[in-house]
Structure formats: structure tokens, C-alpha cells
Protein chains: 2
Amino acid sequence: MKIIVVGAGNVATHLAQALATSGEQIAEVWSNQPNNAEVLAATVRAKAITKLHDLDHTADLCLVAVKDDAITAVAEQLRGFKGIIAHTSGSVPMSVFDGFQHYGVFYPLQTFSKTKGLDLSNVPLCLEANSPATMSTLEALAGKLTGNVKSISSEERKILHLSAVFACNFTNHLYALSNELLDANGLAFDFIRPLIVETALKVQHALPLDVQTGPAIRNDIETEKRHLQLLEGQKELKNIYKTLSESIKKSRT
Amino acid sequence: MKIIVVGAGNVATHLAQALATSGEQIAEVWSNQPNNAEVLAATVRAKAITKLHDLDHTADLCLVAVKDDAITAVAEQLRGFKGIIAHTSGSVPMSVFDGFQHYGVFYPLQTFSKTKGLDLSNVPLCLEANSPATMSTLEALAGKLTGNVKSISSEERKILHLSAVFACNFTNHLYALSNELLDANGLAFDFIRPLIVETALKVQHALPLDVQTGPAIRNDIETEKRHLQLLEGQKELKNIYKTLSESIKKSRT
């Protein structure tokens with residue numbers, strides 16, 4: 001299968017490299033930033049392309065891994081592409097490709113950073129396609145990357161993406177607030193790192209509601225009072241503390 | 001060293017078992033619930049005790065691992081204990097033991113559940129003591145359990161505990177909210193489990209502020225609007241979404 005990759009960011013990089021490792025041919029990598037295109041292209045032995053209309057229109061699959069709000073513009077410029085065109089976004093509906101012959105979605109539900117290696121083998125790859133034949137092709141390809149291939153509608157994908165914002169983006173921000181508190185008191189983030197890992201591991205075989213700990217779930221009002229005193233003058237942290245503690249208390253009933 | 005353990009909950013269980021495994025003698029385990037005392041005592045070859053005044057007052061160390069608000073009452077009943085008395089709480093000051101000869105704090109900064117095994121070897125053990133001699137004894141003991149032994153004042157410990165509430169208790173609640181969303185839409189929590197682990201692993205070698213992703217940090221207002229629409233009618237989730245997104249935006253500056 002001849003694949004072209006549009007984009008050279010985190011998702012494009014991880015997918016292109018995983019596909020190349022699995023034996024697929026990445027023919028071309030596009031980015032409007034020549035440097036980025038070349039860096040990624042070099043790691044997967046592809047040709048770097050900087051103009052969309054220069055892309056090889058005879059490829060079997062075009063993976064569009066650009067920012068959500070750029071997908072429509074990319075699609076416009078690739079009109080006439082005969083292979084399968086698929087984007088990798090959690091929140092853009094498949095219908096953005098209406099008018100193409102073969103299209104779909106190839107959404108890895110994971111957080112990617114270029115600087116960190118990642119094993120895709122248990123990452124959910126959420127697929128959608130405009131025909132059973134296209135779905136089969138995408139399934140076969142996804143199956144080379146992960147044991148966790150799922151058929152997901154655009155509506156379901158929206159929910160997955162929103163859930164991921166809570167479980168990943170908001171969670172990371174709580175880590176950041178925790179670090180802010182430590183830092184302001186001359187304490188290292190290292191104190192809290194093992195706790196962060198264990199908190200994540202605990203819910204791998206349990207549901208979070210069943211393993212909730214802390215003052216709020218115990219309705220330990222004295223500890224909460226002391227915590228709010230420690231946060232005196234830090235309006236935002238105090239507000240977040242109160243909001244989440246109230247929400248935890250409601251989950252008890 | 002002859003150790004007695006007051007409490008048979010999550011912290012008491014993990015510490016007693018780790019100490020026994022490291023070769024220490026756990027002489028007695030106390031709980032006011034006979035069953036709990038016996039279950040833990042059996043796993044560490046100790047005697048189960050259900051009345052505080054029956055505890056062996058010739059022990060070298062009494063580890064008090066009960067709920068925060070029960071520590072004062074326990075201390076009252078153990079007046080006259082000649083060994084070291086230490087509690088395991090993140091938020092109770094060491095001074096709760098004023099009047100004892102040798103006392104301190106033995107606080108493992110981790111989240112414990114009875115049903116899940118746990119490697120203590122990199123967990124921070126935060127120590128405080130009323131004398132250098134007692135500190136040395138606690139340090140030697142803690143060093144048998146972890147490579148991460150720290151001397152921490154009561155004031156610093158309060159901050160660590162509060163930071164842990166953000167990084168662990170609140171984080172777990174975000175997992176629970178994420179699951180609530182998935183569940184309401186017939187989607188399994190399994191979709192999000194690999195993401196949760198990766199989010200925690202990402203900050204093991206980076207600072208959370210440097211790896212923040214998601215719509216808020218990109219100031220992607222369109223995606224936020226769509227997410228708030230999906231949460232229409234769910235006042236609490238909407239409020240948390242807005243509160244945390246605003247806080248993420250502030251962190252950009």
C-alpha cells in the first residue's frame with residue numbers, strides 16, 4: 001500500500017513512523033514548513049513535499065493529520081484524489097470529505113508528543129468509513145499498528161474526544177497546578193511523580209468511582225478547611241478546589 | 001526492631017507488609033474491628049489486638065496509621081509509651097505527639113488500596129522527628145522500604161498533601177467524570193485507559209506545563225463551543241469544563 005501523509009506534527013509523526021515500521025510504504029510527507037516535512041520524511045524514507053498539489057495522486061491512502069481547522073482547506077486542495085482520504089481528528093466529522101470517492105477517519109485515541117516514544121499496540125484506533133470496502137482497508141491497516149481497532153461513528157467520536165479532554169488535558173492541568181503549589185514552596189515535582197503514575201495505574205483494573213480517595217469523598221470537612229486556608233489569596237486554585245470537591249461529594253450519592 | 005501497628009486500613013496494610021517483607025518484626029496489629037486486625041496480623045505473623053491498652057508498651061516503634069481525626073484519641077490512650085511513636089498522615093502536625101519522649105512522622109506520599117499490590121521502592125517517605133536520634137532510627141527503617149527518603153517539616157508536609165489532592169484525588173475524579181460521559185453514551189471506559197496511563201507517563205520526564213495539549217491551550221474556541229454544546233443540560237460538567245479551560249488559558253501567559 002502506498003501512503004502519503006499530510007502533516008508533520010505529533011500525530012503525523014507517530015503514525016507515519018509506526019506504519020513505516022510495520023512495513024508500509026510512506027511515499028511522501030507534506031508540511032508547509034519545509035524543515036518539518038524533511039525531518040519526518042527522513043525518518044520514514046519518504047519524499048518531503050511542501051505544496052499540496054505536488055502530492056502523488058496515485059497513492060492508495062492519504063492520511064490527513066493536520067490541525068482540526070485546517071482539514072477542510074486541505075480537502076479542498078486534494079479534490080480529485082482517487083485513493084482513500086482519511087483524517088486523524090477526534091472532533092471533525094467524516095463528512096468533511098463529502099464528494100471524495102473513498103474516505104474515512106483514522107483516529108488514534110492517545111496523546112502524542114514528538115519527544116517521547118510510544119507503543120501503539122494497545123492504543124484504540126477508532127475508524128469510520130464511507131463504504132464497507134474502505135472500512136476493510138482501514139481495518140487491515142490499523143490492525144498492523146494495534147490490537148485495539150474499533151468502528152466508531154462521528155457522533156461517538158465526539159464523545160470520546162470530549163472524554164479525553166477530561167481524562168488527559170484537564171488531568172495534565174491538575175498536574176501543573178500541583179507543581180505550581182510545590183514550586184511556590186520550594187518543593188520538587190519529583191515528590192508527586194510516583195503518585196501520578198499509581199493514580200493512573202489504579203484505574204486500569206478498577207473504575208475510578210470505586211477507588212476515589214481524599215478528603216472530599218470522606219466528607220472530611222476539617223481537612224478541607226485547612227486546605228482552603230493554605231490556598232488563601234489564590235483565588236483560582238481555591239475555586240478549582242471547591243468546584244472539584246463539591247463534584248466529588250455529589251458522586252457519593 | 002519490634003514494631004506495633006495501630007490501624008489496619010490501606011496505609012497500615014501496605015506499610016506493615018512492606019516492613020515484614022524487609023525483615024522487620026511486626027509484633028502486633030491493632031484495629032477496633034477484630035476482623036480487620038486479624039486479617040492484617042495473619043499476613044505479617046503478628047498478634048491481633050483490639051484494645052489499645054493491650055498493646056505491648058515495650059515495642060521500639062508504634063506506627064499510628066489511622067484516620068487523621070482519630071490520631072489525637074489514639075495518642076491519648078498510648079501516653080507512657082516509651083518507644084518511638086509516629087503517625088503516617090499527610091496533614092496532621094507532628095506536635096500531636098507533644099509529651100511523648102520520642103516521636104515523629106512516617107508519611108508515604110502515595111495512594112494505597114488494599115486490593116492492589118504496590119512497589120514502595122521509589123515512593124517518597126517523608127520523615128519528621130523530635131530529635132536527631134529518632135530521625136536516624138526512622139531514616140534507617142524507611143531506607144529499607146524505599147530509595148526515596150526525605151526529611152520534611154510539618155509545614156512542608158501540608159503542602160505535599162494538598163498537592164497530592166490535586167494530582168491524585170482530583171485527577172481520579174476527572175477519570176470518573178470521563179467515565180460518566182462514556183457510560184451515558186454506551187462507550188466503555190477501556191477506550192480511555194491507555195490515554196490515562198500515557199498522560200501520567202508523559203510528566204515523568206517533563207513538566208506538565210511543557211506538555212499541555214488540548215483545545216484550551218491552543219485557544220481553539222470552536223472546539224470548546226462544540227464541547228459545551230455536547231454538555232448542554234449537564235450543569236456540573238459544563239462548569240468544570242469552563243473552570244479548568246479558563247485556568248489552562250491563564251497558564252499560557
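Author: We start with the whole interface and end with one residue. This is a predicted model, where local features need pLDDT of at least 70, side-chain atom pairs count only at pLDDT 80 or more, and totals for chains, interfaces and linings use all residues. Residues are numbered from 1 along each chain as its sequence is written, chains are lettered from A and ligands numbered from 1 in the order in which they are written, and side-chain values use heavy atoms, leaving out hydrogens and water.

Reader: What area do the chains bury between them?
Author: Buried area is the accessible area (1.4 Å probe) that two parts lose on being put together, summed over both. For chain B and chain A that is about 8100 Å², with 69% on carbon and sulfur atoms. In chain B, F166(B), F170(B) and F191(B) lose the most area to chain A, together 9% of what that side buries.

Reader: Which residues form the salt bridge?
Author: A salt bridge puts a side-chain nitrogen of Lys or Arg within 4 Å of a carboxyl oxygen of Asp or Glu. The count between these chains is one: K250(B) pairs with E236(A), their closest N and O atoms being 4.0 Å apart.
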